[in-house]
Amino acid sequence: DLCAAAKSIGYRSVELLSEADWPVPKRHGLECAMANGFGSIPVGFNRPDNHDKLVADAERMLPLVAAAGIPNIVVFSGNRAGMSDGEGIANCIAGLKRVVPTAERHGVTLCLEMLNSKVDHMDYHADHTAWAVQVLQGINSPRLKLLYDIYHMQIMEGDVIRTIRDNFAHVAHFHTGGVPGRAEIDDTQELNYRRVMLAIADLGFTGFVAQEFVPRRDPLASMRQAFEICDV
C-alpha cells in the first residue's frame with residue numbers, strides 16, 4: 001500500500017527496507033534507495049568488540065544488496081558509553097576499513113548516518129558532521145559516504161545549508177524531518193525545507209532525499225505535501 005501511494009504521488013523510492021522487503025518496491029515501479037544495514041544505532045563500528053560480527057554480516061549482505069540493485073546501505077557509529085571522540089573515530093576507521101573493500105567490489109555505498117544525541121538517540125557517537133567526516137577522511141573511499149539527516153543535524157548544529165555546501169563531496173543521501181518534533185516539514189517548524197532543497201539541487205546532487213518525518217496529520221496528505229515542498 002505504501003509503495004502504491006508513493007508511486008501515485010511521484011516518489012521514486014521506498015527505502016530502509018530489510019531483506020525480505022527488497023523486491024516489493026520493484027513490483028510498483030520504484031527503487032529501494034537504501035537497505036537496512038548491519039549492526040544497530042547503539043551497536044556500531046566505534047567498538048572493536050563489534051567488528052568481527054559487523055564484518056561477517058557485511059560480507060553476507062553486500063553481495064545481496066548489489067544483486068537487488070540497491071545502491072546504498074546504512075551503517076552506524078554506535079553509542080559512546082564514555083568513549084572519547086578520538087578513540088571512536090579511530091575505531092570506526094579500523095572497522096570500516098575491513099568492510100569498504102567488499103563495498104567497492106560490489107558497487108554499494110556504505111552511508112554513515114549522523115543522528116542527534118540530544119533528543120532521540122542519547123549517547124550516539126556520530127552526532128556531528130565534523131566527527132563523521134573525520135571517519136570518511138581516514139578511509140578515503142568513494143564507497144563510504146554520509147547519510148546527512150537534516151532533522152538530526154538541525155538539532156545538533158544548525159547552519160544546515162552552509163554545512164551541506166562545505167561537506168557536499170562526502171554526502172550520498174539525505175533524510176528530512178520537521179524541527180522541533182520530527183513531524184511534517186511544512187511551515188509548522190523552523191526550517192525552510194524548500195530553500196534547503198534548492199541549495200542541494202544547486203550543488204548538482206543526483207542522489208535521493210528521503211522523507212523520514214512522523215506525520216501528525218493524514219499520512220498520505222503529508223507525503224504529498226512533502227513531495228511538493230521538495231520538488232525543486
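Helices here are DSSP runs of H or I with at least four residues, strands are runs of E with at least two, and both are numbered from the N terminus. Before going on, the model is predicted, so to speak of local features we need pLDDT of at least 70, side-chain atom pairs count only at pLDDT 80 or more, and totals for chains, interfaces and linings use all residues. Residues are numbered from 1 along each chain as its sequence is written, and side-chain values use heavy atoms, with hydrogens and water left out.

Back to H5, residues 129–139. Its buried residues are Thr129, Trp131, Ala132, Val133, Val135, Leu136 and Ile139. Buried means under 20% relative accessible area, exposed over 50%, and partly exposed in between, with a 1.4 Å probe and protein chains only. These buried residues of H5 pack against helices H3 (85–97), H4 (100–106), H6 (150–156) and H7 (160–166), and against strands S3 and S4 (144–149). Contact means heavy atoms within 4.5 Å.

Now the sheet. It is open, has six strands in the order S1-S2-S3-S4-S5-S6, and the pairing is parallel. S1 (34–35) and S6 are the edge strands, each pairing on one side only. Two strands pair if DSSP finds at least two bridges between them. S2, residues 72–75, and S3, residues 109–113, have four bridges in the parallel sense. Valine 74 has cysteine 111 in S3 as its bridge partner.

What are the residues with the most contacts inside the largest nonpolar core? They are Phe38, Ile73, Leu96, Leu110, Tyr148 and Ile150, in a core of 73 residues. Such a core is a set of buried Ala, Val, Leu, Ile, Met, Phe, Trp, Tyr and Cys residues joined through side-chain atoms within 4.5 Å. Take isoleucine 73: leaving out residues up to four places away in sequence, its contacts include Met34, Phe38, Met61, Leu62, Val65, Leu110 and Cys111.

Two single residues next. Valine 171 is in strand S5, and it counts as buried because its relative accessibility is 8%. Beyond its neighbours within four places in sequence, valine 171 contacts Lys145, Leu146, Tyr148 and Phe205. Glycine 95 sits in helix H3 and is buried, at a relative accessible area of 0%. With residues up to four places away set aside, glycine 95 touches Phe45, His51 and Val55.

Last, the pockets. On a 1 Å grid over the protein atoms alone, a pocket is an open set of points where a 1.4 Å probe fits, with protein on both sides within 12 Å along at least five of seven lines; lining residues have an atom within 4 Å of a point. Points are joined across faces, edges and corners, and the volume is the space filled by probe spheres set on them.

The largest pocket has a volume of about 880 Å³. Of its 33 lining residues, Tyr11, Ser13, Val209, Ala210 and Gln211 are the closest to its centre. H9 gives the largest share of that lining, five residues.

The second largest pocket has a volume of about 220 Å³. It is lined by 14 residues, with Pro71, Asn72, Thr109, Ala172 and Gly207 nearest its centre. Here the largest share, three residues, comes from S5.
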